[in-house]
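This report goes through the parts of the structure shown here, from the packing inside each chain to the contacts between larger units.

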Amino acid sequence: MKLPIYMDNHATTPLDPRVLDAMLPYFKEKFGNAASRNHTFGFEAENAVETARKQIANLIGADHREIVFTSGATESDNLAVKGVAAMYREKGNHIITCVTEHKAILDSCKHLEKEGYKVTFLPVDDKGLISLEDLRNAITDKTILITIMTANNEVGVIQDVKAIGQIARERGVLFHTDAVQAAGKIPFNVNDMNVDLASLSAHKMYGPKGVGALYVRRRNPRVLLTPMIDGGGHERGMRSGTLNVPGIVGFGKAAQIAADELDKEIAEMFRLREKLRMTLERELDEIYINGDLEKRLPGNLNMSFAYVEGESLLMGINDVAVSSGSACTSASLEPSYVLKALGVGEDLAHTSIRFGIGRFNTDEEVDYVAKRVVDVVKRLRELSPLYEMAKEGIDLKSVQWAAAEQH
Amino acid sequence: MAYSDKVIDHYNNPRNVGALPKEDEDVGTGLVGAPECGDVMKLQIKVNAETEVIEDAKFKTFGCGSAIASSSLATEWVKGKTVAEALAIKNTDIVKELSLPPVKIHCSVLAEDAIKAAISDWKKKHN
């Protein structure tokens with residue numbers, strides 16, 4: 001076993017060696033521009049891009065002509081939200097999203113609010129799920145877009161996308177989903193789920209960074225978008241710019257592998273995740289799972305370790321790469337807004353760790369990580385005045401905390 | 001975030017972890033911070049009533065590595081000092097000693113507060 005161990009696969013995934021092999025020729029001899037339609041270098045690149053387009057379409061049950069390549073999922077989210085808003089401005093000015101979305105969606109929506117659009121940010125329950133009733137009630141005759149992510153990047157919670165798509169379809173509203181964490185990890189089919197637009201990212205499915213895609217439905221209904229980037233009219237005019245051919249080839253290969261191995265991988269991620277969860281739950285008291293345990297990505301475990309601050313826990317397991325919802329690990333010094341939206345108290349949000357198990361994690365690694373976490377949590381609890389007070393039977397909520405006004 | 005060697009050393013080998021009997025006449029206890037803020041420090045001192053010298057100090061901290069290091073260092077520094085000398089310890093001294101980055105300055109502020117709170121608790125018992 002090699003240290004450090006990477007178990008932060010929601011942030012990014014390592015490149016699958018098979019993906020790298022597929023990409024390499026397109027960095028070297030096959031360097032053509034896919035838009036060069038008058039020589040073999042161009043044809044070669046274009047063919048490779050079209051193969052990748054089919055591989056990606058196949059992963060999500062789409063037609064290859066419905067895949068628009070982008071620089072990544074942030075661009076895809078921006079294009080979907082702002083592109084739909086601009087295109088359908090005359091039809092309406094209302095967008096529905098939810099509070100636990102990725103910042104690429106939330107900030108795009110906030111940008112539109114400044115331009116006079118109305119945005120409804122649906123709340124989530126303590127499991128991280130939106131209420132379909134809330135969604136139905138939020139739709140007005142001005143609603144042009146519903147954007148709800150399929151699986152959350154922090155807590156791994158999977159929304160009922162099929163039901164949301166059904167509601168959107170019945171009400172004649174376009175439905176976009178950020179499927180970055182879901183595609184290639186769980187079954188995801190744009191037709192079964194009535195999805196009109198979907199954001200995808202290569203580097204979350206063992207492909208390269210810097211390449212993503214937006215699925216844009218062509219029929220029933222045909223979705224139109226105002227482009228964000230103007231230029232040579234690439235990607236059916238929706239996204240100009242010379243295509244990142246090696247990146248796209250890698251994305252295609254990654255999608256093909258994900259599609260071929262999906263069932264096996266779901267079972268394996270789930271097995272390892274449950275092993276980690278059960279070991280931690282057996283060895284430690286007062287640990288809490290954040291978000292719904294059933295409707296959850298198989299590789300995701302987000303847990304709060306009461307009385308142990310997240311950053312200090314990460315420091316203790318410094319040969320393991322995971323992430324924390326603690327304020328101290330974020331640029332904003334605020335604890336995770338996702339956990340907050342689930343109603344996780346700020347005290348417990350500060351103690352949260354996100355484990356993201358991926359394709360290349362092993363049993364041995366899971367055992368090692370579990371043992372390290374257990375040891376460090378026990379050590380830090382011995383150091384924690386909160387643990388001491390709790391053991392003395394003091395209700396921490398009843399304590400009048402001093403100096404809180406400084407923060 | 002990159003930690004200084006001194007922060008890592010205090011995190012791995014925290015000095016003076018533990019508790020003193022808080023009902024004891026000679027013991028002053030300071031509890032500062034709040035769980036919602038991600039930092040809580042408990043610092044205790046045992047003071048010789050005659051000489052006003054801090055003979056022992058213990059701490060427990062819930063917080064990031066810098067918070068643990070700041071309070072660990074604070075216990076090291078107050079030990080052997082008189083109450084008046086301990087009151088003169090400034091958070092900036094802690095920042096300098098541990099090379100804390102700007103985002104972690106609040107950890108040093110909390111440690112200074114903890115020293116002052118412990119001393120004030122001890123003084124209260126002696127009024």
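## Basis and conventions

Axes are lines fitted to C-alpha atoms, for helices over the stretch in contact, and angles run from 0 to 180 degrees between N-to-C directions. Helices (H or I, at least four residues) and strands (E, at least two) are DSSP runs, numbered from the N terminus.

This is a predicted model, in which local features need pLDDT of at least 70 and side-chain atom pairs count only at pLDDT 80 or more, while totals for chains, interfaces and linings use all residues. Residues are numbered from 1 along each chain as its sequence is written, and chains are lettered from A and ligands numbered from 1 in the order in which they are written.

## Helix packing in chain B

In chain B, the axes of helix H4 (residues 91-98) and helix H5 (residues 105-125) come within 8 Å and cross at roughly 130°. That angle makes H4(B) oblique to H5(B), given that angles under 35 degrees count as roughly parallel, over 145 as roughly antiparallel, 65 to 115 as roughly perpendicular and the rest as oblique. The crossing of H4(B) and H5(B) is right-handed; a crossing is left-handed if the near helix is turned anticlockwise from the far one by less than a right angle, and right-handed if clockwise. Two residues are in contact if their C-beta atoms, placed from the backbone, lie within 7 Å, and here the contact is made by Asn91(B), Ile94(B) and Val95(B) of H4(B) with Ile105(B), Ser108(B), Val109(B), Ala111(B) and Glu112(B) of H5(B). By class, five of these residues are nonpolar, two polar and one charged, where Ala, Val, Leu, Ile, Met, Phe, Trp, Tyr, Cys and Pro count as nonpolar, Asp, Glu, Lys and Arg as charged, and the others, Gly among them, as polar.

H5(B) also packs with H2(B), at an angle of about 35° and with the axes 9 Å apart. The crossing of H2(B) and H5(B) is right-handed, and the residues that make the contact include Ser66(B), Ala67(B) and Ser70(B) of H2(B) and Cys107(B), Ser108(B) and Leu110(B) of H5(B). The contact of H2(B) with H5(B) divides into eight nonpolar, four polar and no charged residues.

## The sheet of chain B

Three strands of chain B form an open antiparallel sheet in the order S1-S2-S3, two strands being paired if DSSP finds at least two bridges between them. Strand S1 (27-34) and strand S3 (54-62) of chain B stand at the edges with a single partner strand each, so one side of each is left without a neighbour in the sheet. The twist in this sheet averages 10° from one strand to the next.

S1(B) and strand S2 (residues 39-47) of chain B pair in the antiparallel sense over eight bridges, and Ala34(B) has Asp39(B) in S2(B) as its bridge partner. Helix H2 (residues 65-78) of chain B packs on the sheet, touching S2 and S3 of chain B, and its direction makes about 175° with that of S3(B). H5(B), in turn, lies across S1 and S2 of chain B and runs at about 145° to S1(B).

## Sheet and helices of chain A

In chain A, seven strands form an open sheet of mixed pairing in the order S2-S8-S7-S6-S5-S3-S4. Its edge strands are strand S2 (67-70) and strand S4 (118-122) of chain A, each of which pairs on one side only, and the twist averages 20° from one strand to the next. Strand S3 (residues 94-98) and strand S5 (residues 143-147) of chain A pair in the parallel sense over three bridges, with His94(A) opposite Thr143(A) in S5(A).

The axes of helix H3 (residues 73-87) and helix H4 (residues 103-114) of chain A come within 9 Å and cross at roughly 30°, which makes H3(A) roughly parallel to H4(A). The crossing of H3(A) and H4(A) is right-handed, and the residues in contact include Ala73(A), Thr74(A) and Asp77(A) of H3(A) and Ala104(A), Ile105(A) and Ser108(A) of H4(A). By class, the contact of H3(A) with H4(A) has seven nonpolar, three polar and two charged residues.

Chain A is divided into domain 1 (5-9 + 262-397) and domain 2 (17-258), with bounds that come from an automatic or database domain assignment. The contact takes 19 residues from domain 1 of chain A and 20 residues from domain 2 of chain A.

Between the chains, the contact takes 24 residues from chain A and 27 residues from chain B. On the side of chain A that touches chain B, helix H8 (310-316), helix H10 (346-349) and helix H12 (385-391) of chain A each give two or more residues, and by class that side has 13 nonpolar, six polar and five charged residues.
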